[in-house]
Amino acid sequence: MSATEKPAPRPMLSVREALDTLLGAARPVQETERVPTLEANGRVLAEDQASTIDVPSADNTSMDGYAVRAADCVNGGAVLRVTQRIPAGQVGAPLEPGTAARIFTGAMIPAGADAVVMQEQCEPTGDSVTIRHTPKSGEWIRRTGEDIAAGATILAAGTRLRSQELGLAASVGLASLPVRRRLRVAVFFTGDELTMPGEAPGGVLAPGAIYNSNRFTLRGLLENFGCVISDFGIVPDTLAATRATLVEAARENDLIITSGGVSVGEEDHIKPAVEAEGQLNMWQIAVKPGKPLAFGEVRRENGHAFFLGLPGNPVSSFITFLLFVRPFLLRLQGVSGPVEPRAWQLRADFSLPKPDRRNEFLRARVNAGGGLDLFPNQSSGVLTSTVWGDGIIDNPPGRIINEGDIVRFIPFAELQH
């Protein structure tokens, strides 16, 4: 290559290649702590949890009705003397042949009984009951350990705890749980044009100024994932200021996220700043919106902080967070299971005749007919599309969409937890 020739541009990574790079680099935080189960929502479990008890702890009824001996009710019209009443939480006496016990959902089955007949199939009269049913042994009885056997693992390490996992832990008496510590994330925003809401004199923006919406969007997303956030605000558009903020942010944080300044203009200082204070491992993805996505590391005394630089356009910043930052965060938090969102195959009720060479993520919403409508303006600056839409269509490079085609749709609800 001659001195006047420029090297060929590096090909952009595909979405799949970028995700593989990020997930391959992620290393979960190692520090753990024990927290009350009531306060563990959204945390990531650090150790397997086993039950020390059977659930149910004893045979019990799943219906209000009468506990009987099935052998006493073979004719479909047995008349049995009711000898006891057993609410949940009380232990009944052994059931004698030819008798029944009035019993309520959750109550223990008395010794001798082997079936429960629901009250709708019974006719009580005085101290007796007529059984209008021929029960089978075991009918409406929940057996000891049917849900959980003592010693069984109920929750695996790496599980991100939701309300149902907390309920399961509580059902076996776990008052506290070992979890990985919360992820510490620093954020800052570059661009001399940025203004915070409420700071424009008289409520009038200066010529060329814009409000810093990305600060609100990204902080809200990070809060959804339970991160501890250090917000360094708006950083001046200089290389020195960007480098200084990166150094400070790296000291106490696991991850640094920036918005803006990752393109190739003279006022875009993120790329050279990261290269000066660490290394850049990935830059430019074949994705629309959001091509200038940067990934790397910033040095510090005891290692490094991961770095992710998002585009400044508000839709690009939002979409690249959902596609790339979200799964990376989950891996850093210690989630061991699948971190990529579920998608649905839905009908396109629109046409997209012009293909793009990049993998497009189109804002759309489900209509009353179960198909998808497309937001008419897919520009990376139109933030209203993210509020109007239910999610994004994952449209592969070079693909046109004809009305009636089946497309891959990822709801926003799948991408924000």
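Visitor: Which residues of helix α4 (residues 239-252) are buried?

Guide: In this predicted model, the buried residues of α4 are Ala241, Thr242, Thr245, Leu246, Ala249 and Ala250. They sit on the same side of the helix, because they cover an arc of only 160° around the axis.

Visitor: What is found on the other side of α4?

Guide: There, Ala240 and Arg251 are exposed. Exposed here means over 50% relative accessible area, and buried means under 20%.

Visitor: Now a residue from another helix. Where is leucine 22?

Guide: Leucine 22 belongs to helix α1 (residues 15-25). With a relative accessible area of 0%, leucine 22 is buried.

Visitor: What does leucine 22 touch, beyond residues up to four places away in sequence?

Guide: The list is Met282, Phe295, Leu308, Phe324 and Phe328. Compare sequence and space again. Leucine 22 and glycine 296 are 274 residues apart in sequence and 9.5 Å apart in space, C-alpha to C-alpha.

Visitor: What does the radius of gyration say about the overall form?

Guide: Set the value beside a reference. A compact globule of 417 residues would have a radius of gyration near 22 Å, whereas this protein has 30 Å. The C-alpha trace spans about 105 × 55 × 55 Å along its principal axes.

Visitor: How do I look for empty space?

Guide: Rolling a probe the size of a water molecule over the atoms shows where empty space is left. Start with the largest pocket here. It holds about 490 Å³ of space. Among its 19 lining residues, Arg160, Arg162, Arg326, Pro338 and His417 are the closest to its centre.

Visitor: What classes of residue make up the lining of the largest pocket?

Guide: The lining divides into 6 nonpolar, 6 polar and 7 charged residues.

Visitor: How many cavities of 30 Å³ or more are there?

Guide: The count is 1. The largest cavity has a volume of about 70 Å³.

Visitor: Which residues line the largest cavity?

Guide: Its lining is Gly42, Arg43, Val44, Arg180, Arg181, Arg182, Leu183, Phe225, Gly226 and Gln333. By class, that gives 3 nonpolar, 3 polar and 4 charged residues.

Visitor: What should I look for in the backbone?

Guide: Most residues other than glycine have a negative phi, and most peptide bonds are trans. Look for departures from that.

Visitor: Where are cis peptide bonds found?

Guide: One joins valine 55 and proline 56, with omega about -5°. Proline 56 is in the loop between β2 (49-50) and β3 (60-61). Another joins lysine 288 and proline 289, with omega about 0°. Proline 289 lies in the loop between β19 (287-288) and β20.

Visitor: And what is the phi of tryptophan 140?

Guide: Tryptophan 140 has a positive phi of about 60°, although it is not a glycine. Its loop runs between β9 (128-131) and β10 (141-142). Tryptophan 140 counts as partly exposed, because its relative accessibility is 31%.

Visitor: Where is glutamine 284, and what is its phi?

Guide: Glutamine 284 is in the loop between β18 (278-283) and β19. Its phi is near 75°, a positive value in a residue other than glycine.

Notes
Residues numbered from 1 in each chain as written. Predicted model: local features only at pLDDT ≥ 70, side-chain atom pairs only at ≥ 80, totals over all residues. Heavy atoms only, no water. Buried < 20%, exposed > 50% of the residue type's maximum accessible area, 1.4 Å probe, protein only. Helix = DSSP H or I, 4+ residues; strand = E, 2+ residues; numbered from the N terminus. Arc of directions from axis to C-beta. 1 Å grid on protein atoms, 1.4 Å probe; cavity = no way out; pocket = protein on both sides within 12 Å on 5 of 7 lines; lining within 4 Å. Points joined across faces, edges and corners; volume = space filled by probe spheres on them. Nonpolar A, V, L, I, M, F, W, Y, C, P; charged D, E, K, R; others polar. Rg over C-alpha atoms; globule rule 2.2 N^0.38 Å. Contact = heavy atoms within 4.5 Å.
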